[in-house]
Amino acid sequence: MTESNQKLRMMIVTALFAAIIGVLAQVTIPLPLVPITGQTLAIGLAATILGARYGTVSVLVYLGLGAVGVPVFSSMSGGLGSLFGPTGGFLFGFIPAAFIIGFYLEKTSFTVRNAIIANLIGMIITLVFGTVWLKFIAEIPWQAAFMGGFAPFIPVGIIKAALAASIGIAVRKRLKSASLLYVANH
């Protein structure tokens, strides 16, 4: 397979993961300030399967689609109001989270154990971004921001990290064996 075919294949897979993030964003459990969504699971899957570069690009494509108004964010929302509203910090936090998850796995190895560690780190990054953003945008005290934007997400975040790790590593192996995933040196 030529290099241009490999790049095209990775662009298609990356776009597919942007769509998967948008679909899983619609899986929502409402909470008072910030809902629990499937977005973070999808971010973990994208980064675990695609690595730092393509995982991050899939998040950027997803955020770009949402920014221009495509209803890919939770509750079928989109637009700059969603990006810069109270939950925007979580959305922006997906960028470094995806990069760090993929980077960690590329620098260690793509095993379920390492993927769980990477996804837990990604969860914390997302929650920190979201909580700090929520505090300032909603103009609420730190304790309220922590209780509304961090604490309730820890138990479900651990479960999502384990799911993203185990499913992501299994899917990555299958995609590689089917020559549907191009990964240099990994």
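Helices and strands here are DSSP runs, numbered from the N terminus. Keep that in mind as you move through this predicted model.

**Start with the whole chain.** Colour by secondary structure. You will find 7 helices and 2 strands. Begin at the N terminus and follow the elements along: the order is α-β-β-α-α-α-α-α-α. The radius of gyration is 16 Å, close to the 16 Å that the globule rule gives for 186 residues, so the chain is as compact as a globular protein of that length.

Along its principal axes, the trace spans about 55 × 35 × 25 Å.

**Switch to a surface view.** What share of the 186 residues is buried? Buried residues make up 45% of them.

**Now select two helices.** Pick residues 39-67, which form helix α2, and residues 88-107, which form helix α4. Two packed helices are described by the angle between their axes and the distance between the axes. Here the axes come within 7 Å. They cross at roughly 110°. Angles of 65 to 115 degrees count as roughly perpendicular, so α2 is roughly perpendicular to α4. Is the crossing left-handed or right-handed? α2 passes α4 in a left-handed crossing.

**Show the side chains where they touch.** Colour the contact of α2 with α4 by residue class. You will count 15 nonpolar residues, 8 polar ones and 2 charged ones.

Technical notes:
Residues numbered from 1 in each chain as written. Predicted model: local features only at pLDDT ≥ 70, side-chain atom pairs only at ≥ 80, totals over all residues. Heavy atoms only, no water. Axes fitted to C-alpha atoms, helices over the stretch in contact; angles between N-to-C directions. Helix = DSSP H or I, 4+ residues; strand = E, 2+ residues; numbered from the N terminus. Parallel < 35°, antiparallel > 145°, perpendicular 65-115°, else oblique. Left-handed = near helix turned anticlockwise from the far one by under 90°. Nonpolar A, V, L, I, M, F, W, Y, C, P; charged D, E, K, R; others polar. Rg over C-alpha atoms; globule rule 2.2 N^0.38 Å. Buried < 20%, exposed > 50% of the residue type's maximum accessible area, 1.4 Å probe, protein only.
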